[in-house]
Amino acid sequence: MPCSLPHSEQVSRRQFDITPDLMLRAYRAGLFPMAETRRGDRLYWLDPELRGVLPLDRFHLPRRLRRTVLAGPYAITTNRDFAGVITACAAPGEGREDTWINPEIERLFGALHRMGHAHSVEAWLPGEGGPQLAGGLYGVALGGAFFGESMFSRARDASKVALVHLVARLRLFGFTLLDAQFQTTHLAQFGCHEVPRQAYKRLLSEAVEEQGVWNDAVEPAAVLAEIRRLRGTAGED
């Protein structure tokens, strides 16, 4: 879930029309698109030599974060404000002056969302004018694979809480692969590790044939029960 385009991982600079259907075929093959900057007008296909993967069966949940999640400081929803989440992910933030999400990325993922292939998880706080979006993430679902694209946070732990809820839901929905694109220090605390390209593609080919089914209507009690089953660790961020 990177914030900028790693130049060493660019695989194609050719310009051609990218459609939602082409996006799905690319994800199935292990590719994903990024823009070089927020204002960039070109998209690049990436196929990293090492792929960041978050293990759904061995996800590490730091103890402090576990307490935070179970205390419920945020109201968690899915697919309530997909456009708001991707817009927030595209905006500059602390530690990132620019992002790889340009208007074309927003358009394509909006189309995938309407097709039922792109999903968001939102974390809300109460506000004077109603609930305020405090953090969230979005990604693409294909078979039993979920490709995490980006996340943002406007309040402490908001994006982390959204990630924990995503993992619990993916486990409940029958997903077997959570692709994080690249390994980062931030994601390492959750058990993210690097998988060589060919090994990743073997995992991917198996996962996309699985029947993961996203369900916005899942019972909150079932999600919390699944969160309690996640492996706790002493690490904190």
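## A tour of the sheet and its helices

Select helix α3 (residues 82-90): α3 lies across β7 (118-125), β8 and β9, at about 100° to β8. Contact here means heavy atoms within 4.5 Å, and angles run from 0 to 180 degrees between N-to-C directions, with axes fitted to C-alpha atoms, for helices over the stretch in contact. Helices (H or I, at least four residues) and strands (E, at least two) are DSSP runs, numbered from the N terminus.

This is a predicted model: local features need pLDDT of at least 70, side-chain atom pairs count only at pLDDT 80 or more, and totals for chains, interfaces and linings use all residues. Residues are numbered from 1 along each chain as its sequence is written, and side-chain values use heavy atoms, with hydrogens and water left out.

Next, select α7 (residues 197-207), which packs on the sheet and touches β4 (50-54), β8, β9, β10 (177-181) and β11; the directions of α7 and β11 make about 95°.

Now show the open sheet, whose 7 strands follow the order β6-β7-β8-β9-β10-β4-β11 with mixed pairing; two strands pair if DSSP finds at least two bridges between them. β6 (75-78) and β11 (193-196) are at the edges with a single partner strand each, so one side of each has no neighbour in the sheet.

Zoom in on β8 (residues 132-142) and β9 (residues 145-153), which run antiparallel and are joined by 8 bridges. Pick Val140: its bridge partner in β9 is Phe147.

Finally, select α5 (residues 158-172) and α8 (residues 220-229), which pack at about 100° with axes 9 Å apart. Residues meeting there include Val164 and Leu172 in α5, and Val223 and Ile227 in α8.
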